[in-house]
Amino acid sequence: MRTAKILTYDDILPIQEGDSREPLVDVRTYDNSIMAQYEKFDMVPYAGFDILVRDTVARKLAAVNARLKANYTMTLKIVYGYRTTDVQKNYFETMQAKLRVENPSFSPDELRRLTHNFVAAPEIAGHITGGAIDVTLATLDGTLCDMGTGIADY
């Protein structure tokens, strides 16, 4: 069985960014039965209560949600999508400050790599592109499934 490797900061950093002109859309654009509700409200000033993602992401989530509903009587619950650079930077810097206290001997590079394990570094974060989501599963009546931890529970 092949296992996927979780990419590290050093794996992602050399990848050149593309120039996608793909629009951001509401995550429910292609399936309004997807549950979409922010757990944190820092994007509301920018996007209102719509959780935005790339159009392709919204299409793929709709396809996954249709299979979940048909085969498992479950649905997706999306709690985060696109983030502005400032919001992502705030998450990263907050986590980095916490980790700096716990790891005072780390160099700035070591600290950046460690922080990226918990919150993506802004220069390579998928949320900034609308290509990343925070997601969990729920039953069709809205009961959240136990996934072992909460979203962003480090």
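Which exposed residues does the face of α3 turned away from its buried side carry?

Modeller: The model is a predicted one. In it, the face of α3 turned away from the buried side carries Lys60, Arg67, Ala70 and Asn71, which are exposed.

The helix itself runs over residues 55-72, 18 residues in total. From the first C-alpha of α3 to its last the reach is 25 Å, close to the 26 Å expected at 1.5 Å a residue. The buried residues of α3 are Asp55, Val57, Ala58, Leu61, Ala62, Asn65 and Leu68. Seen down the helix axis, these buried residues fall within an arc of 140°, so they line one face of α3. An α-helix has 3.6 residues a turn, so residues three or four places apart point the same way.

β4 spans 74-80, and the loop between β4 and α4 (85-102) holds threonine 84. Threonine 84 counts as buried because its relative accessibility is 11%, under the 20% cut-off.

At the end of the helix, α3 is followed by threonine 73, which has a positive phi, near 45°.

Threonine 3 is in the segment before α1 (9-12) and, at 63% relative accessibility, counts as exposed.

Technical notes. Residues are numbered from 1 along each chain as its sequence is written. This is a predicted model: local features need pLDDT of at least 70, side-chain atom pairs count only at pLDDT 80 or more; totals for chains, interfaces and linings use all residues. Side-chain values use heavy atoms; hydrogens and water are left out. Helices (H or I, at least four residues) and strands (E, at least two) are DSSP runs, numbered from the N terminus. Buried means under 20% relative accessible area, exposed over 50%, partly exposed in between (1.4 Å probe, protein chains only). The expected span of a helix is 1.5 Å times one less than its number of residues. The arc is that of the directions from the helix axis to the C-beta atoms.
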